[in-house]
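Subject: A structure for you to look at

Hello,

Here is the structure I promised to pass on, and I hope you enjoy exploring it. Please open it first, and then read my notes below alongside it.

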Amino acid sequence: MTAVATPNALASGRLPKMAPWGVLVGSWVVMGGILALLAAGGLLDAVSPVAVIFWGTVLYIGAIYVISRLVEGHRQATDRFVTALVVTAFIIALLPLVSLLTTVIGNGLNRFDLEFFTFSMRNVVGEGGGAAHAISGTLLITLAATIISVPIGLMTAIYLVEYGNNSRLAKGVTFLIDVMTGIPSIVAGLFAYALFAIFLGPGVRLGFAGAIALSVLMIPVVVRSCEEMLRLVPNELREASFALGVPKWLTVVKVVLPTSIAGITTGIMLAIARVIGETAPLLVVAGFTASLNTNLLAERMQSLPVFVFSSYANPGVDTQAYIDRAWAGALTLILIVMLLNLVARLIARFFAPKLGR
């Protein structure tokens, strides 16, 4: 009897390792050509790189499935289809960020010069001037808000994790923190304005009031991030410390906090990034000015978000000069956030517990 060989569906042909990337790039090229033809025919105003990448990636899903189905069979084609969906979701998620960065960098470099960082807008009505007063105000207000928020948020998180034990007070604090997390920023600004108006009268505008408004927004973020990091510390470390006769407060200071310092630092930086770009509360309580003011307790204080808003919303005679300064201010704000995250990573790496012997 002659044996009849049966085909093995699991041993079908295989695409080269770099085939998916080649199909992806080819899809972008094909879609770029299609959009270019549409633009040449007057059906589109211009060919956008973001549109090319988006529609090319969508085309890639169908292309990689069809090619894999013809070469590798149904099972592998389904696997590649799902993988293509994941890749597409990742690329689509990156597109807004890439588009934002390219737009801000392309427009902000026009005024990204030394004068922009060393001059204020005092007595400037056209070209020239800078955002030194806004940069100084942003750093001072954010620093003050951080000094207020971090101790309060960290100690609240320590209480909830180490001492609360699901008590009624701990549950109440947790509920209030959840409510504060969803408070609109303008409400925080109005709260700070009402608080200072009680003592200093209506119409008060202070940099410190802006710091109070930002701290209202920052505290719940600090509490939540620090609480999660403290809960990740293994209980075995606490129990080992207690077994050696170390009191609880010293265990928290010497064991729990050093173990979670990297995550706590990252959480604090995220909280700072959350509030450093807020415009509404600072517009209400800190106001805006064209002069440099380094005193948080006296007079109005400009900030970068308000500077960008006022430059774009209320341009002077030379409109383009104000627009250029607005884009440069936005680019500066992004760079400050990136620098803060870099510093946070360095601090986390330096203070992280050493695991080696």
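One term before we start: a salt bridge here is a side-chain nitrogen of Lys or Arg within 4 Å of a carboxyl oxygen of Asp or Glu. Please keep in mind that this is a predicted model, where local features need pLDDT of at least 70, side-chain atom pairs count only at pLDDT 80 or more, and totals for chains, interfaces and linings use all residues. Residues are numbered from 1 along each chain as its sequence is written, and side-chain values use heavy atoms, with hydrogens and water left out.

Salt bridges

The structure holds 7 salt bridges. One of them is between glutamate 227 and arginine 231, with the closest N and O atoms 2.9 Å apart. These two residues are 4 residues apart in helix H8, so about one helical turn separates them. (Helices are DSSP runs of H or I with at least four residues, numbered from the N terminus.)

Glutamate 227 also meets arginine 224 in a salt bridge, at 2.7 Å from N to O. Here too both residues sit in helix H8, 3 residues apart, about one turn of the helix.

Arginine 224 in turn pairs with the side chain of aspartate 178, at 2.6 Å from N to O. This pair links distant parts of the chain: aspartate 178 belongs to helix H6 (residues 168-181) and arginine 224 to helix H8 (residues 207-231), 46 residues apart.

How covered are these residues? I call a residue buried under 20% relative accessible area, exposed over 50%, and partly exposed in between (1.4 Å probe, protein chains only). Glutamate 227 is buried, at 5%. Arginine 224 is partly exposed at 24%, as is aspartate 178 at 41%. Arginine 231 is partly exposed at 46%. Through shared partners, salt bridges join Asp178, Arg224, Glu227 and Arg231 into one network.

A nonpolar patch

Elsewhere, Val30, Ile34, Leu38, Leu43, Leu44 and Leu59 form a nonpolar patch on the surface, with about 480 Å² of accessible area together. A patch like this takes residues with over 30% relative accessible area and no salt bridge, joining nonpolar side chains (Val, Leu, Ile, Met, Phe, Trp, Tyr) within 5 Å; areas come from the Shrake-Rupley method with a 1.4 Å probe, and for residues only the protein chains shown count as cover.

Helix H1 (residues 19-40) gives the most to the patch, with 3 residues. Leucine 44 lies in the loop between H1 and helix H2 (49-71), and is partly exposed at 32%.

Best wishes

Terms used. Patches are made of residues with over 30% relative accessible area and no salt bridge: like charges are joined within 9 Å, nonpolar side chains (Val, Leu, Ile, Met, Phe, Trp, Tyr) within 5 Å.
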